[in-house]
Amino acid sequence: MAQQAYRTETDNGGSEPEPQPTRLRRLRERLTRGWRGDRRVWRRGFVLAACSVLTALVMLAHGHIPNAIGNLGSLVDTFLPWVGLLIPVLLVLGLIRKSATALIATILPAAVWLNLFGGLLTDKTATGGDLTVATHNVNADNPDPAATARGVAASGADVLALEELKASEVPTYERALEPTYAYHEVVGTVGLWSKYPLSDVKAVDIRLGWKRAMRATVAAPTGQVAVYVAHLPSVRVKLEAGFTARQRDKSADALGEAIADEPLPNVVLLGDLNGTMNDRALNAVTSQMRSTQGAVGSGFGFSWPASFPMARIDQILVKGAEPESSWTLPATASDHLPIAARVRVTTG
């Protein structure tokens, strides 16, 4: 049976089949169908455009969102990267609405998000460093503390900090980590394990009434390092009270004061700060220290919750020491992911 085809005249009077549209061309025609010649594409979608502008403003001015009502500002700070999920939603809605105005407006929040977080999408990890450190909130209700301890020890960390240590399980962690670490100290619910000698170990008062922070000097081969371990109070999101973080904020201020008074030039802070680097409530700490993940990590490095990480509330921060690489370790039986970093101890 002869196949019918559209034909066009050629110079020699013959004819040939008309080229069939490509898949890309068909898709483009489908997307632009109803747009051509429609002057309303510029006159509709103003609400969507306003939403794009508002999204950009929230990201740009998140530090000015007040904490007076339910610590709303800190809540936005904590999950700020996720605001970017609104951008593809606004883009799709603009396409459905057939609004050129709405589509062009999405460029603004996209540009702001990339300016804030685009650098985290690249791998800044470098080789080098002479001290590997790690930290892990092991969860007081951890069903397998021994396996958790062995898992983080397998990271090769020279110095390991553990938070939320249950008193009855401390011997289990000590036995599991003894083959790897010759030195360790436990203060309240936090502990520090090291391959190098520890001295000047003391609790750090973070105004809680019980011990959840400590400081020790690690005699690393290239120089002494002041290592702080801290587990700041937890925060909660409550319907009647919002983002409750008052005690966490007070403890962060106290920790910042202790670190500011530290005489050693090389300082490393390991712990669960229950807040991200964007959270203005941690400014007493973050203003004087660098995040290893932000400086030399790859990606966002989210650490909590382990089942679906949404925020990096576990931190490795340095002052004096130079970060070289930073990464997230495999999951354990805890509800947090352990994290690690490689730093270079400065001698100047």
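Colleague: What makes β4 and β6 a pair of strands?

Modeller: Two strands pair if DSSP finds at least two bridges between them. Five bridges join β4 (residues 159-163) to β6 (residues 190-194), so the two strands meet that rule. They run antiparallel, and Ala161 stands opposite Leu192 in β6.

Colleague: How do you know where a strand begins and ends?

Modeller: Strands are DSSP runs of E with at least two residues, helices are runs of H or I with at least four, and both are numbered from the N terminus. This is a predicted model, in which local features need pLDDT of at least 70 and side-chain atom pairs count only at pLDDT 80 or more, while totals for chains, interfaces and linings use all residues. Residues are numbered from 1 along each chain as its sequence is written, and side-chain values use heavy atoms, leaving out hydrogens and water.

Colleague: Which strands form the open sheet, and in what order?

Modeller: The order is β5-β6-β4-β3-β16-β15, six strands with mixed pairing.

Colleague: What makes β12 enclosed?

Modeller: Buried means under 20% relative accessible area, exposed over 50%, and partly exposed in between, with a 1.4 Å probe and protein chains only. Six of the six residues of β12 (residues 267-272) are buried, so the strand is largely enclosed by the rest of the structure. Val267, Leu269 and Gly271 point one way, and Val268, Leu270 and Asp272 the other way.

Colleague: Which strands pair with β12, and in what sense?

Modeller: β9 (residues 223-231) runs parallel to β12 over six bridges, and His231 has Asp272 as its bridge partner. β14 (residues 314-319) also has six bridges to β12, but in the antiparallel sense; there Gly271 stands opposite Gln315.

Colleague: Why is the contact between Glu257 and Arg207 called a salt bridge?

Modeller: The term needs a side-chain nitrogen of Lys or Arg within 4 Å of a carboxyl oxygen of Asp or Glu. Here the closest N and O atoms are 2.7 Å apart, so the pair qualifies. Glu257 lies in helix α9 (residues 246-260) and Arg207 in the loop between β7 (198-203) and β8 (213-220), so the bridge ties together parts that are 50 residues apart in sequence. Glu257 is partly exposed at 41%, and Arg207 is partly exposed at 42%.

Colleague: How do you know whether Arg248 is buried or exposed?

Modeller: Its relative accessible area is 0%, so Arg248 is buried. Arg248 forms a salt bridge with Asp249, at 2.8 Å between the closest N and O atoms. Asp249 is buried as well, at 17%.

Colleague: What parts of the chain does the pair Glu322 and Arg290 link?

Modeller: Their side chains meet in a salt bridge of 3.3 Å, N to O. Glu322 is in β15 and Arg290 in β13 (residues 290-291), 32 residues apart. Salt bridges that share partners also join Asp158, Lys195 and Arg342 into one network. The structure holds nine salt bridges.

Colleague: What makes one space a pocket and another a cavity?

Modeller: On a 1 Å grid over the protein atoms alone, a cavity is a set of points where a 1.4 Å probe fits but cannot get out; a pocket is an open set with protein on both sides within 12 Å along at least five of seven lines. Lining residues have an atom within 4 Å of a point. The largest pocket has 18 lining residues, and Phe117, Leu120, Met277, Asn278 and Gly294 lie nearest its centre. The elements giving two or more residues to that lining are α3 (72-78), α6 (107-117) and α11 (292-296).

Colleague: How many cavities of 30 Å³ or more does the structure hold?

Modeller: It holds one. Its lining includes Val138, Asn139, Glu164 and Tyr173.

Notes. Points joined across faces, edges and corners; volume = space filled by probe spheres on them.
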